[in-house]
Amino acid sequence: MTSRQEEAGDAPAVPDSVSNYADGAWVDATAETSLPVTNPATGETLATVTLSADRDVDAAVDAASEAFESWRRVPPVDRVQYLFDLKQELENRQEDIARTLSREHGKTVTEARGEVRRGIENVEVAAGIPNMMREGSGTVEDVAAGMDETAVRQPLGVFAAITPFNFPAMIPLWFLPYAVATGNTFVLKPSERVPLSSQLIVEAIEAVGLPDGVVNLVNGAADTVNAILEHPDVEGVSFVGSTPVAKHVYETAARHGKRVQAQGGAKNYVVVTPSAILDDAVPNIVGSVYGNAGERCLANDVVVGVGDVYDDLREEVVSNTEELVVGNGLDEDTDVGPLVTEDARESVVAMVDEALEEGADLVLDGRDFDHPDHDDGNFLGPTILEGVTADMAIAQEEIFGPVLCLARADDLDDAVEMVNSTRYGNASSIFTERGSEARKYKYEVDAGNVGVNVGVCAPMGFFHFGGRKDSFFGDTHAQGEDAVQFYTEKKVVMERWYS
Ligand code: NAD
């Protein structure tokens with residue numbers, strides 16, 4: 001592995017303060033507790049975020065409740081005109097958002113641009129909601145003599161979304177466009193570690209002139225989340241984050257009578273069979289593991305070689321990994337940025353140490369990586385372990401860092417058993433050129449998102465984002481038609497006329 005020496009590109013103007021947004025105005029949170037927002041590549045403090053108190057949550061929810069009564073009456077075709085404008089505003093600001101995102105999160109600016117694009121894709125899909133809301137509705141004439149029966153979809157009120165640090169721009173946009181286009185109003189609570197991207201997204205929303213109170217923003221951490229979960233005027237909650245918090249959100253929101261969809265953590269495997277084309281497969285797999293510095297819920301960080309493909313697979317994985325450039329995400333040729341915090345870096349190192357104690361072998365060691373220009377960066381070099389078996393902690397729990405685990409399977413049955421041995425069910429991929437192997441894999445793996453010769457199987461906005469087992473708590477998922485179902489309730493009307 002190598003490291004970047006050059007200066008990072010021009011730093012974007014990041015918002016110098018982090019504010020809440022309620023009832024169409026930027027407001028300061030009233031609480032006393034605040035946290036620094038730190039650039040993980042340089043250690044520089046970018047801003048300070050105040051953790052909102054209950055009264056700040058009340059202000060946002062009150063604004064959203066008040067806006068709901070008139071917003072729900074705006075025809076869907078008129079509501080989505082704001083989304084067409086929002087798409088344009090986000091595209092105009094894409095570079096600023098991407099560079100801010102790279103500074104607060106650490107990911108490469110190329111990854112950040114891709115992330116913003118995937119967010120915009122959801123705005124585009126939600127612009128089709130006037131048509132999508134027809135699903136599950138419709139009229140049947142003459143259910144009895146002269147009586148017709150109709151089902152319609154209606155919005156419910158105030159929805160909140162609580163989002164994680166690893167996709168600061170995309171994940172808020174998994175929810176916001178659908179909630180708003182279906183006629184609900186919305187409160188966003190972004191991760192306190194990366195609140196700046198949301199400031200820019202809400203600035204774009206402000207620019208399109210959505211009526212006051214339709215979209216609101218509260219910054220904060222656990223206490224702020226709990227105030228949302230317990231708030232009587234919040235109808236439903238969308239959550240993405242770690243499994244323990246997802247469970248807490250699911251249980252607490254449900255106990256308070258809310259709709260809830262909660263996406264949790266992951267442990268993803270990729271299986272490579274002897275029929276796979278390694279020259280195509282390996283760059284894909286290496287990109288899946290080390291992209292976003294491994295801080296991705298779709299990272300396939302356990303790579304299982306089936307039968308005699310293992311030796312060639314190992315060789316290509318190692319040589320591809322050695323090419324990766326570690327550095328500041330703002331350098332255009334960086335492949336692997338820093339981890340989000342020093343704690344995150346230490347926890348990944350601890351997982352590697354534990355795996356070695358459990359009997360794994362070290363092929364490439366990135367634990368002591370030092371960046372020559374950034375002493376205070378949370379960098380880890382790409383690391384490869386081999387001899388990883390399903391009973392090791394590193395094969396069962398999320399790593400969330402640039403670590404690739406090589407494992408062997410005797411045959412495809414053996415590989416599927418390993419894949420299904422974890423408590424998670426987020427994603428899994430197979431690399432094969434045999435249809436029968438691909439079919440067996442698609443059929444048998446307990447993962448909500450499956451890739452066939454695709455390393456990062458991130459569903460497009462018009463499909464739902466899957467998740468099973470401890471990776472998802474709820475019924476309907478994010479994105480696409482599931483989002484329409486989540487954000488609306490069906491009402492049945494039976495009607496007849498006597499005169
Ligand atoms: P996290 O669970 O620490 O935080 C997520 C959100 O919950 C944040 O907004 C945070 O403020 C809030 N929160 C944290 N602790 C809380 C508590 N005790 N009570 C109430 N709220 C709390 O997650 P993270 O570290 O920001 O994100 C990484 C995790 O998200 C990983 O596990 C990753 O797999 C997961 N993730 C999953 C998906 C998916 O689609 N399944 C997508 C992206 C990220």
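Predicted model: local features only at pLDDT ≥ 70, side-chain atom pairs only at ≥ 80, totals over all residues.
Across the whole structure, a search for ring pairs returns eleven aromatic pairs. Phe-165 belongs to the loop between strand 8 (158-162) and helix 6 (170-181), while Phe-400 belongs to the loop between helix 13 (393-396) and strand 18 (403-409), so the pair ties together parts that are 235 residues apart in sequence. Both Phe-165 and Phe-400 are buried.

A tilted pair is formed by Tyr-250 and Phe-473, whose centres are 6.1 Å apart and whose planes make an angle of 40°. Here too distant parts of the chain are linked, since Tyr-250 is found in helix 9 (residues 243-255) and Phe-473 in strand 23 (residues 472-473), at a separation of 223 residues. Tyr-250 has a relative accessibility of 30% and therefore counts as partly exposed, whereas Phe-473, because its relative accessible area is 12%, under the 20% cut-off, is buried.

Aromatic rings also occur in a cluster, in which Phe-159, Phe-486 and Tyr-487 are linked by ring pairs.

Charged side chains are likewise found over aromatic rings. Lys-107 lies over the face of Phe-167, at 3.8 Å from the ring centre, and the ring of Tyr-310 has the charged end of Arg-408 over it, 3.9 Å from the centre of that ring.

How values were computed
Residues numbered from 1 in each chain as written. Heavy atoms only, no water. Phe/Tyr/Trp six-rings, centres within 6.5 Å; stacked < 30°, edge-to-face > 60°. Helix = DSSP H or I, 4+ residues; strand = E, 2+ residues; numbered from the N terminus. Buried < 20%, exposed > 50% of the residue type's maximum accessible area, 1.4 Å probe, protein only. Lys NZ or Arg CZ within 6 Å of the ring centre and 35° of its normal.
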